[in-house]
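Reader: Show me the model, please. I want to know what stands behind each label.

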Amino acid sequence: MKRARSFSVLSGESDQPQAGPSPAGLEPRSPERDRAAVSEGVVRGAVAQGPRSWIQKVLEQIMGSPRQWVTPSEVVPVAVLAVQRYLLENETLDTVRKPPFYCYDVTISDGVYQEKCYLDPRLNFLVHKNILKVGIQMKIFKVSCLYNEKRLGQGILCMDKVLCGEALETISLETPFRNSAHQEIPERPLRGGKSHYLALWNNEDPYGDIWLTDKQPEEHNFNDTRIISLSHLEMTWNNRRKFPALLVRILHKSRLRYYGKPDKNMIEPYQTFLEVADSSGTVSVIMWNAMCPQWYKSLQVGLVLLLQDYSVKKTYPLRLRPLPVDPQMKLISTMEVCLNFRDPPTNISIIPERQVKPEWRLPKLNHHFITRSELDDMPEKQICDIIGILVFVGRVQRSKKKENCEDFWSHRWIHIADGTSEQPFVVKLFSTSQPEIFENICPMTYFMCTQLKVVRNDTQVPKVLYLTTTNESHVFITDHRSQLCANDIKVKNFIRWIKKKTDSGEMKTSVIGGYYPYPPVPKTFSKYRSPIKVGSFLTAISEVRKETEHLQYREQKRIAIQGIITRIKYIPHSSATESASASETLRDGNRPSTSQTAERESQSQEIDGKQQENGSMSSQCSQTTYPSMSPTKKKRIVQGQYTKITLLPQPETSAQTKGNKPDMPSVFQRSTSISMHGKARKTISQMWESQLWTEKKLCLVEHLHYSCVYPESIPRKFTSEHKDFLIQQYNSQPAKYVPPKERPPKLNDFKSARSLGHFEITILGLNHEIAIDVAFLPMYCPEDIRASQIDTLLTCMNYSCVYPQEESGTEMVPGPRAIAGDIIKAVTELDRMHVVCILDICNLGNNKSEVYLHKIYSPDKI
């Protein structure tokens with residue numbers, strides 16, 4: 001990507017600008033004083049006229065304007081340092097337009113000062129689609145001033161019209177805030193009464209400096225402390241006003257729940273559940289509101305607590321509780337213990353383990369570890385714990401909690417190997433309110449997760465089997481084997497296995513990021529549509545663009561369309577990489593005029609404008625929408641005249657033993673297989689076009705182009721040398737800018753875990769008026785077929801993986817072009833047939849969308 005000049009202030013100057021003391025925020029300062037304060041500051045890039053602050057000049061313009069908004073007389077690029085989200089409760093401040101559920105404050109720097117500004121809600125979509133993000137340059141064309149008439153000195157800048165630009169190589173963080181109130185700790189939003197910001201992309205993660213981590217165990221004098229058992233409290237709580245202390249151990253801790261609403265004036269509306277126990281039983285403890293920022297990050301599973309001045313109430317009947325660590329332990333279900341900052345203010349003490357006495361008979365933690373070999377026989381919804389080494393870490397993705405809402409879940413797919421099976425654990429890992437772990441997991445790390453739930457469907461073909469997190473799941477990662485429950489026999493076996501593999505040099509290959517097409521769809525379309533609401537399981541091709549444009553950053557969705565496959569073209573891996581890289585460059589440079597117009601309308605939107613199409617198109621994806629990589633799954637992709645090809649199943653194990661390869665149905669469902677006889681067959685043509693396409697392609701009303709494959713969509717072979725860069729690439733966009741430690745590499749510099757390349761496929765609508773280009777990405781890595789170690793890379797986790805079914809010393813493994821010929825031949829057999837195509841669509845941010853072919857249902861399967 002083309003890099004812009006950095007906005008930075010040269011260090012080492014004698015008179016750097018200082019933060020202004022103005023409590024009113026917009027109170028104009030003396031121009032002479034400003035000029036004196038920055039006389040020695042030299043600004044690169046942003047301020048061409050010298051050290052005078054552009055932000056300060058805009059403020060002076062606003063103060064002199066009778067309309068309280070201005071179009072700056074001079075527009076210069078500023079750097080974006082932070083984008084922060086918060087809930088804005090109903091205010092009397094804004095009587096004309098109702099604010100949305102969430103609002104954003106954007107911190108900018110002009111190279112002299114930093115300023116925190118309020119983003120006009122009509123521009124929120126720029127954040128939703130990750131166009132407005134940290135680390136870019138931005139031009140501001142219209143600025144207004146907002147006041148809260150119930151407060152003194154609360155004027156704030158509001159950005160009403162902006163143009164988002166390119167990423168900057170580096171930005172200085174040494175520039176001071178013009179308004180010193182903006183750098184107070186803890187940080188507070190510009191508007192509303194909330195005391196904190198939310199995580200940028202979900203509500204489960206604690207974010208900001210209100211979340212304390214400094215609570216330490218302290219020895220307690222129990223001589224004057226009266227303690228009651230949980231079972232005794234259960235029998236007597238209705239007759240008590242004050243309760244004796246509880247001495248308990250934490251067995252489970254739930255993720256955070258944020259329940260803020262615009263019409264509820266709650267300062268810190270959080271809730272979390274603890275499952276605690278003593279010798280007499282286990283009970284739920286609810287921690288409310290301001291207690292959560294104070295204690296949540298300090299209360300770890302296994303700690304012993306002394307709880308005083310708590311309250312007790314009747315149990316909420318609909319909540320599902322985790323199973324007790326000991327089946328014989330009494331589960332107290334008639335009451336809940338509440339911890340609050342008032343009514344009464346709860347007193348919590350962490351008791352050091354050395355002070356815990358055996359006569360207290362507090363329960364010990366009891367993990368229920370399973371091995372991968374045991375998972376195959378475990379029933380649906382069974383709860384278990386696992387330990388292993390990460391061999392694949394997928395990108396962070398998001399899914400809506402409810403339709404038509406602004407709340408999302410964050411999750412990523414991961415694979416964990418433990419040495420007991422050639423298949424890895426496949427885990428859908430949701431955020432567990434541990435962002436410091438969730439955002440930093442990477443391959444080749446020891447990984448433990450508790451309270452996972454088994455998800456399986458043995459009636460579906462292909463079968464589905466994976467694990468997913470629950471409300472009480474907790475994640476641990478470490479580079480030190482001894483820290484992960486080393487006394488457990490299954491943990492010991494894992495440690496011995498991983499040591500053997502590491503010492504022999506076999507644990508070398510692992511994968512990070514990319515498009516991940518799991519779980520698979522059923523073999524037949526009737527099974528696919530059965531759980532879907534009637535009338536909503538098919539999408540018209542004309543609506544695909546709208547579907548992609550409605551997606552927010554990293555939101556992924558699966559849709560089904562009807563059409564006729566009229567064209568397929570094979571793009572080898574090297575060409576695929578070059579085309580994606582070129583498309584990114586062209587997207588930032590010479591875009592088609594229609595795309596330029598669309599981007600200007602979306603990114604430079606005025607307050608009273610309507611949101612326009614915000615997907616500009618790259619050269620390859622020209623016309624209307626951002627294409628992106630593509631399909632995923634393919635089950636038995638077939639069939640040249642000399643080769644029998646089978647797709648490996650769900651897990652990503654790259655080395656499957658002979659005779660133990662699961663049967664995978666064909667994507668095209670019409671394949672006939674013929675065994676391979678030693679020679680790789682001659683490659684068929686790299687492109688096929690039907691006669692119907694030749695007749696109709698010039699008469700289309702609309703042609704949607706979504707066949708580009710972006711670098712972010714390709715899984716990469718992991719290298720620890722560039723661990724931080726790879727982790728950052730496949731994480732969500734951060735809320736605050738962090739300067740890179742060194743010049744970062746390019747994503748295309750890292751070896752792809754795919755060697756087959758991809759296919760561009762054109763699907764013509766049934767009415768022959770609209771066509772759409774999508775991509776298909778089968779996985780094929782011949783070198784991994786011969787590998788014997790467990791899940792060297794995960795190449796076959798993807799249902800689009802293609803592998804020869806048999807391999808012997810006398811047989812040649814067909815190369816990528818030979819396999820491509822099989823795929824093209826299979827498509828030609830569908831000429832003029834009406835098919836249903838399952839597409840995976842995802843918003844990659846920054847006007848890039850991927851649309852991948854996941855499966856084709858042919859007429860006999862519909």
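Author: Start with the second largest pocket. By class, its lining holds 19 nonpolar, 12 polar and 13 charged residues. Ala, Val, Leu, Ile, Met, Phe, Trp, Tyr, Cys and Pro count as nonpolar, Asp, Glu, Lys and Arg as charged, and the others, Gly among them, as polar. The model is predicted: local features need pLDDT of at least 70, side-chain atom pairs count only at pLDDT 80 or more, and totals for chains, interfaces and linings use all residues. Residues are numbered from 1 along each chain as its sequence is written, and side-chain values use heavy atoms, with hydrogens and water left out.

Reader: What makes a space a pocket or a cavity?

Author: On a 1 Å grid over the protein atoms alone, a cavity is a set of points where a 1.4 Å probe fits but cannot get out. A pocket is an open set with protein on both sides within 12 Å along at least five of seven lines. Lining residues have an atom within 4 Å of a point. The second largest pocket holds about 1600 Å³ of space. Of its 44 lining residues, the closest to the centre are Y528, Q556, K557, R558 and I559. Strand β24 gives the most to that lining, 5 residues.

Reader: How many cavities of 30 Å³ or more are there?

Author: The count is 9.

Reader: Why is C103 called buried?

Author: Buried means under 20% relative accessible area, exposed over 50%, partly exposed in between (1.4 Å probe, protein chains only). C103 has 0% relative accessibility, so C103 counts as buried. C164, at 7%, is buried too.

Reader: Why is the pair of Y466 and Y518 called edge-to-face?

Author: Rings of Phe, Tyr and Trp (its six-membered ring) pair if their centres lie within 6.5 Å; planes under 30 degrees apart count as stacked, over 60 as edge-to-face and the rest as tilted. The centres of Y466 and Y518 are 5.8 Å apart and the planes stand at 80°, so the pair is edge-to-face. Both Y466 and Y518 are buried.

Conventions. Grid points are joined across faces, edges and corners, and a volume is the space filled by probe spheres set on the points. Helices (H or I, at least four residues) and strands (E, at least two) are DSSP runs, numbered from the N terminus.
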